Amino acid sequence: MKIYRCLLVYLWGIWGVVGNVYGQSERIVFTPQWTPQSQFAGYYVAQAKGFYQEEGLEVVFDHPSASSSALNRLEEGSSHIIGLQLIQAIKLIGDGVPLVNILQTSQRNSLMIVPQYNDIRSLEDLRGKKVGVWKAGFCELAYMLDRREKLNIEWIPFINYVNLFVSGAIDATVAMSFNEYLQILACGIQPQHVFYFSDFGYDIPEDGLYVTADYYRTHQKAVQAFARASVKGWKWAAQHPQETLDIVMRLVRKYHVATNRLQQQRMLENVLELQCERHTTTRPFRLQPEHVEKASALLLDDGYIHRPVTYQEITGAL
């Protein structure tokens with residue numbers, strides 16, 4: 001399957017070059033971070049409303065799975081553009097993987113710890129507790145918090161959903177405010193105390209779009225066109241939430257994702273809120289130099305990387 005996918009993308013790449021010569025669309029394979037949901041609504045809108053086509057692009061969505069992540073697909077060459085969190089991207093660049101950010105949607109951090117019991121009222125109360133965390137990653141900030149506060153947390157990996165938390169098998173869980181936390185609320189659980197990572201000095205923006213440095217150099221016009229159309233899609237989504245949800249729900253049903261419209265509506269609202277700079281309604285859709293500097297410093301201080309990653313490097317300005 002991997003060989004087939006790589007061959008297909010290679011042939012698509014050849015067709016894209018030929019197509020450009022004859023005024024036809026350039027094909028781009030895009031892999032978001034997870035299965036269809038409102039977290040990626042702006043991209044679905046850009047596809048459904050023809051914004052990518054208007055930019056001369058033929059965009060193919062190739063969603064990841066638990067066994068084949070977006071990063072895996074970028075590395076093997078089966079995807080051209082992927083979604084990544086800023087922390088992940090900086091770690092990879094620090095490890096020598098040349099990536100370029102072409103669009104930054106998130107401007108604030110969504111991570112939180114949700115306690116199972118109401119007597120967990122502070123970080124200190126998490127000492128030695130069992131806390132759920134994703135098996136697939138997104139754990140760096142959680143581990144940093146644990147080490148810096150000397151909490152000695154026992155991390156319990158989960159793949160998806162909040163079954164461990166709801167069953168009472170763990171004392172707390174790491175969650176995203178637009179996803180797992182909403183699942184917990186939908187189960188009728190109303191935690192009295194939650195801990196947002198942003199309140200403890202870890203307000204690192206998350207979702208952005210990335211390409212390899214080679215692809216950026218050789219397909220810069222196409223990459224910029226994709227970013228423009230995606231921004232247009234997100235702006236349209238913010239102005240037309242119900243129509244956007246119609247688009248999302250069609251994909252959810254197509255891919256048999258276990259969710260419902262209310263859940264996706266709440267996710268969309270929170271994702272759009274996180275795209276705004278704090279205390280504003282402004283969506284800049286670009287990386288901020290200070291966010292890169294802060295994320296790089298945290299990772300460097302905690303030993304995840306061994307050299308600073310600069311704003312110029314991650315945006316392809318070098």
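How many cavities of 30 Å³ or more does a search of the whole structure find? The search finds three. The model is a predicted one, in which local features need pLDDT of at least 70 and side-chain atom pairs count only at pLDDT 80 or more, while totals for chains, interfaces and linings use all residues. Residues are numbered from 1 along each chain as its sequence is written, and side-chain values use heavy atoms, with hydrogens and water left out.

Five strands form an open sheet in the order E2-E1-E3-E10-E4, with mixed pairing; strands (E, at least two residues) and helices (H or I, at least four) are DSSP runs numbered from the N terminus, and two strands pair if DSSP finds at least two bridges between them. Strand E2 (57-61) and strand E4 (99-104) are the edge strands, each pairing on one side only. From one strand to the next, the twist averages 35 degrees. Strand E1 (residues 26-31) pairs with E3 in the parallel sense over two bridges, and Phe30 has Ile81 in E3 as its bridge partner.

Helices pack on this sheet. Helix H2 (residues 41-48) touches E1, E2, E4 and strand E10 (207-212), and its direction makes about 135 degrees with that of E2. Contact means heavy atoms within 4.5 Å; axes are lines fitted to C-alpha atoms, for helices over the stretch in contact, and angles run from 0 to 180 degrees between N-to-C directions. Helix H10 (residues 220-239) lies across E1, E2, E3, E4 and E10, at about 30 degrees to E4. The axes of H10 and helix H11 (residues 241-254) come within 5 Å and cross at roughly 115 degrees. To this contact H10 gives Trp236, Ala237, Ala238 and Gln239, and H11 gives Pro241, Glu243 and Thr244.

On a 1 Å grid over the protein atoms alone, a cavity is a set of points where a 1.4 Å probe fits but cannot get out, and a pocket is an open set with protein on both sides within 12 Å along at least five of seven lines; lining residues have an atom within 4 Å of a point. Grid points are joined across faces, edges and corners, and a volume is the space filled by probe spheres set on the points. The largest pocket has a volume of about 670 Å³. It is lined by 34 residues, of which Gln33, Gln88, Ala136, Gly137 and Phe138 are the closest to its centre. Helix H4 (70-76), strand E3 (81-85) and helix H5 (86-94) are the elements that give two or more residues to this lining. The largest cavity holds about 90 Å³ of space, and its lining includes Gln39, Thr105, Phe178, Trp234 and Leu274.

Ser65 lies in the loop between E2 and H4 and touches Trp34 and Arg73, not counting residues up to four places away in sequence. Ser65 and Gln33 are 32 residues apart in sequence and 9.1 Å apart in space, C-alpha to C-alpha. Ser65 is partly exposed because its relative accessible area is 29%, where buried means under 20%, exposed over 50% and partly exposed in between (1.4 Å probe, protein chains only). Gln263, in helix H12 (residues 261-274), counts as buried because its relative accessibility is 11%. Residues up to four places away in sequence aside, Gln263 touches Asn179, Leu182, Gln183 and Ala186.
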